[in-house]
Amino acid sequence: IYFNSGTSGSPLWVIAGSGSSWSLTGNNGTNPATNFIGTTDNVALNFRVNNQKAGRISSDGSVFMGYRAGNSNNGSSNTGIGVNALYSNTEGNENIANGADALYSNTTGSYNTATGVSALFSNTTGSSNTANGRDALHSNTTGYYNTANGIGALYFNTEGYKNTASGAGALLFNTA
């Protein structure tokens, strides 16, 4: 859509939305001190895909990137990267989930680190756990102070605590 910003005798046709607006095909001549995408008040910056949450940066320290990452988050200082990362988190704080479905079921657990697809997937209230590798600590729900390094390490642990497993499938059948 064009509009005339001049006169009828000397028209100056301008594309509507040009000037200080952001273009869908890129911008030039921007100044990072004055040009940005974001908010100027204490309101989070949100992204959506298919009208579903797909990204959020908030002043409480939480950052989410990925389809439905941080979908229910009310906690603070959480980081979720990947589809459904920290999907169910409600009140948990200072969690890091990196990978699809990492810390998916977490609700109130805090201080957890999950790196890998479905790492700490079932965790709900367990805290201070570290899971590195696909499905590491997958079944953990309430266990705490566990460290699992390797694909499927401590996979069936549900409520065990203070365990350390290193290697693929290490302590696989430990539960409590």
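Q: Which residues does Leu12 touch, not counting residues up to four places away in sequence?
A: Leu12 touches Phe3, Asn4, Ser5 and Gly6 once residues up to four places away in sequence are set aside, where contact means heavy atoms within 4.5 Å. Please keep in mind that this is a predicted model, in which local features need pLDDT of at least 70 and side-chain atom pairs count only at pLDDT 80 or more, while totals for chains, interfaces and linings use all residues. Residues are numbered from 1 along each chain as its sequence is written, and side-chain values use heavy atoms, with hydrogens and water left out.

Q: And where is the place of Leu12?
A: Leu12 is in the loop between β1 (2-4) and β2 (13-15); strands (E, at least two residues) and helices (H or I, at least four residues) are DSSP runs, numbered from the N terminus. Leu12 and Leu172 are 160 residues apart in sequence, and their C-alpha atoms are 72 Å apart in space.

Q: How many helices and strands does the protein have, then?
A: The protein has 0 helices and 11 strands, and from the N terminus on its elements run β-β-β-β-β-β-β-β-β-β-β.

Q: Why is it more spread out than a compact globule?
A: The protein counts as more spread out than a compact globule because its radius of gyration is 23 Å, well over the 16 Å that the globule rule gives for 176 residues. The radius is taken over C-alpha atoms, and the globule rule is 2.2 Å times the number of residues to the power 0.38. Along its principal axes, the C-alpha trace of the protein spans about 85 × 30 × 30 Å.

Q: What about contacts between residues at least 6 apart in sequence: what share join residues at least 24 apart?
A: That share is 0% in this protein, when the contacts considered are between residues at least 6 apart in sequence.

Q: OK, new topic: what percentage of the 176 residues count as buried?
A: Of the 176 residues of the protein, 35% count as buried, where buried means under 20% relative accessible area, exposed over 50%, and partly exposed in between, using a 1.4 Å probe and protein chains only.

Q: Is Leu103 buried or exposed?
A: Leu103 counts as buried, since its relative accessibility is 0%, and it is found in the loop between β7 (96-98) and β8 (113-115). Its phi is near 50°, which is a positive value in a residue other than glycine.

Q: What's the phi of Ser118?
A: Ser118 has a positive phi of about 60°, although it is not a glycine. Ser118 is in the loop between β8 and β9, and at 12% relative accessibility it counts as buried.

Q: Which residues does Asp135 touch, not counting residues up to four places away in sequence?
A: Asp135 touches Val117, Ser118, Ala119, Gly152, Ala153 and Tyr155, with residues up to four places away in sequence not counted. Asp135 is in the loop between β9 (130-132) and β10 (147-149), and it is buried, with a relative accessible area of 15%.

Q: Now the rings: how many aromatic pairs are there?
A: The count comes to 6 aromatic pairs, under a rule by which rings of Phe, Tyr and Trp (its six-membered ring) pair if their centres lie within 6.5 Å, with planes under 30 degrees apart counting as stacked, over 60 as edge-to-face and the rest as tilted. The rings of Tyr144 and Tyr145 have their centres 5.3 Å apart and their planes at 75°, so this pair is edge-to-face. Tyr144 is partly exposed at 33% relative accessibility, and Tyr145 is partly exposed at 48%.

Q: And why are Phe156 and Phe173 a stacked pair?
A: The pair is stacked because the ring centres of Phe156 and Phe173 are 5.5 Å apart and their planes are at 10°. This pair links distant parts of the chain, with Phe156 in the loop between β10 and β11 (164-166) and Phe173 in the segment after β11, 17 residues apart. Phe156 counts as partly exposed at 34% relative accessibility, whereas Phe173 counts as exposed at 64%.

Q: Which residues do ring pairs link into a cluster?
A: Ring pairs link Tyr87, Tyr104 and Phe121 into a cluster.

Q: Last one: where is the place of Leu171?
A: Leu171 is in the segment after β11, and it is partly exposed, with a relative accessible area of 42%. The C-alpha atoms of Leu171 and Leu154 are separated by 4.9 Å, although these residues are 17 residues apart along the chain. Leaving aside neighbours within four places in sequence, Leu171 is in contact with Leu154, Tyr155, Thr164 and Ala165.
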